[in-house]
Amino acid sequence: MAKNFAQTAQGILDGIGGKANIKSVVHCATRLRFTLFDQGKASDEAVKATVGVVSVVKAGGLYQVIIGNDVPEVFAELKRLGAPVGASFVEESGKKGPVTGGSIFNSLINTISAVFTPILPALMGTGLIKGLIAVLQMAFPEWAASGDRSFVILHAAGDTLMYFLPILIAYTSAQRFGLDPILGIVFGGVLVYPSIAEMYPFGPLSVEPLFGLDIFVMVPYSGTVMPAIFSVFFAAKIYQFFRRKLPSAIKNFIAPFLTMVIGIPLTFLVVGPIFGLVGHGIMMGMQGITGLGALGAILVGLIIGGFWQVLVVFGLHWALIPLAIMETMAPNPNFGMNNVITFLAYAQIAAFTQLGAVLAIAVRIKNSERRSAAFATGISGIFGITEPIIYGFTLPKRRPFLIACLVGAFSGALAAAVGNVFSGGYGIATQFGAMGIFSYPNFILPGFAGSTANFLTHLFATFIAIGLTFALVYATYRADASELREADAAKIDTSKVDMAKARRIFAPVKGRVLPLNQSADAAHQEETLGKGVCIMPLGGKIFAPFDGIVEMVFDTKHAINLRSKDGVDLMIHCGIDTVKLGGAGFKVHVAEGSAIQAGQLIMEYDKDVIARAGYNLETQVIIANTGDFRAVTQAKSGDCAVGDVILYIE
């Protein structure tokens, strides 16, 4: 069935409080990253219940909606619906300016996301080109030496983005900070203007004359990140000042003129040299760590391999991309070449541990629906997209996720140790490129004597990561009862129900209704507490299933007892073993003794809190006084909406 991206986009918009609540939205490879005016207006449950949404994560001041591979299509629909994409630029009280607020850390993460995520698809595409060139050079070594223009053109295609990176960074930074984007391009372009680039000496900097004074500090700007970002940041301040102060008749052309006349010299006198050297210092620091020899390389492999997927959980992994870019654009004395990354070379190994974990889970479980979903997310994992695996399978169970992180640390350290032998003590390296299986060509490094060994070391570590994670998760995974049996919709026979007299119990939550004997809780399977049904919920809101009163609210807020006007005692129990959370993630909206009406919101729970704690979300609806009635009959199986009849009581 064709996917309805417009429906997904509209559902997300409705869930986050509409367009009016959006400052800006950008996207990366798998998730939409919203900057909202008020996160309190967003309903996590409504967003998560939208078809096409994997999960919601709130981190770094961003409201992140995880979509998966279809995120560009959903983003395009959001743009069509009028969502303010790209920029975090608003107009309030007649004044224009970039959105600010929150902690410095949140502002930093917001800025990195807004500046780099639009560039990432093209960046990964050019990485694929460079990987293709590497393969072709190995297969046809005479091709590059022949002077054939096809090599020159392909090489240019692979290097252009990085060479002119300041222009692209300046464009996206202008959108972020509230500068006219075309004016931002000018600020980025001047950093790589041919006459300027020719002035760059051999070495990190030189002092050049400006207006007769030796005060012009020249640093290399091609492929840099920080000078473009900060030059545009200050240019935006100048531009907004003149836009506010100048008369309307002249501000459209005088404001850009004054911004360039003031801002560009300041870029080369102050901003560029300062932040160019800061970037250079960061890059030298990273090279210094790997330059410690085997110990430094193993330490990097251990940390990146172990914590990469933790960063992925919170959407913070892209914050390390600027570090990779800075490392790529500087000659690496350890490998005797540039265009290589050692700092993040172990991230792909860490990602593949999630693939090993979900494959083990798929083999261990028997439920065909759940198994198919596991294999489907495994396919996305082959291509480097791990969020569906993490949120759908490994993180809710905790142990598989922890095993994957530990194996990632071990495999990263192992790759560094083995790579030391062939690189002279500096671990493994890669070029910037795509994710998953498409990353392998980027570990072939033309010009590096240990190129083949570098590639084979990474491949070896990847197989170790997948295989060891698979073995450990398979040996330790404890499938719950719902995963060990088919969850096909039960055959419902209501022919003997006296519809005229039967009491009706309505579904308190949207989800999938299953017979109670398919519950993941053994006590409920045996109907020890009474007859009823269990529901695998899609939302996080519980509504009253009839008119009546609240008899008891459990201290831990995970369960509630209700009594209908016609004498049905009913318990709604949210999750399995969630009593251990002590109320964390639950919110009750009614008090004991209060009257309720069918469809009234009575409680809520945070699915992420429960899932991250490793508990099953299954909700049981139990008739506590089953013995008072002649029959309790299941009225529905399979998908249900709030308000559907799920039980008949006679």
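The model is predicted, so local features need pLDDT of at least 70 and side-chain atom pairs count only at pLDDT 80 or more, while totals for chains, interfaces and linings use all residues. Residues are numbered from 1 along each chain as its sequence is written, and side-chain values use heavy atoms, with hydrogens and water left out.

I start with the whole chain. The secondary structure comes to 21 helices and 22 strands; these are DSSP runs, H or I of at least four residues for helices and E of at least two for strands, numbered from the N terminus. Of the 650 residues, 54% are buried. Buried means under 20% relative accessible area, exposed means over 50%, and partly exposed is in between, with a 1.4 Å probe and protein chains only. Among contacts with a separation of 6 or more, 72% are between residues 24 or more positions apart, a contact being heavy atoms within 4.5 Å.

Next, the cores. A nonpolar core is a set of buried Ala, Val, Leu, Ile, Met, Phe, Trp, Tyr and Cys residues joined through side-chain atoms within 4.5 Å. The largest one has 66 residues, and those touching the most other members are Phe116, Leu123, Ile169, Leu179, Ile325, Leu344 and Tyr346. Helix H11, residues 226-245, gives the largest share of this core, eight residues. Apart from this core lies another, of 36 residues, including Val513, Val590, Ile610 and Ile646. Leu344 is in contact with Ile304, Trp308, Leu320 and Ala324, leaving aside its neighbours within four places in sequence.

Is Thr386 buried or exposed? Thr386 counts as buried, at 3% relative accessibility. Thr386 is placed in the loop between helix H16 (368-382) and helix H17 (387-397). The side chains of Thr386 and Gln309 are joined by a polar contact of 3.2 Å. That term stands for a pair of N or O atoms within 3.5 Å; within protein, one must be able to donate a hydrogen and the other to accept it, and residues adjacent in sequence count only if both atoms are side-chain atoms. As for H17, nine of its eleven residues are buried, so the helix is largely enclosed by the rest of the structure. After H17 comes Arg398, with a positive phi near 65°.

Asp480 is in another loop, between helix H19 (451-476) and strand S9 (503-506). Asp480 also counts as buried, at 15% relative accessibility. Not counting residues up to four places away in sequence, Asp480 touches Lys397, Ala520 and Asn616.

Last, the salt bridges. How many are found in the whole structure? The search finds five, where a salt bridge is a side-chain nitrogen of Lys or Arg within 4 Å of a carboxyl oxygen of Asp or Glu. One of them joins Arg80 and Glu77, with the closest N and O atoms 2.8 Å apart. These two are three residues apart in helix H3 (residues 71-80), and therefore separated by about one helical turn. Asp566 and Arg503 form another, at 3.8 Å between the closest N and O atoms. This pair links distant parts of the chain, 63 residues apart, with Asp566 in the loop between strand S14 (559-564) and strand S15 (569-574), and Arg503 in strand S9. Asp569 pairs with Arg563, the closest N and O atoms being 2.5 Å apart. Asp569 is buried at 15% relative accessibility, whereas Arg563 is partly exposed at 30%.
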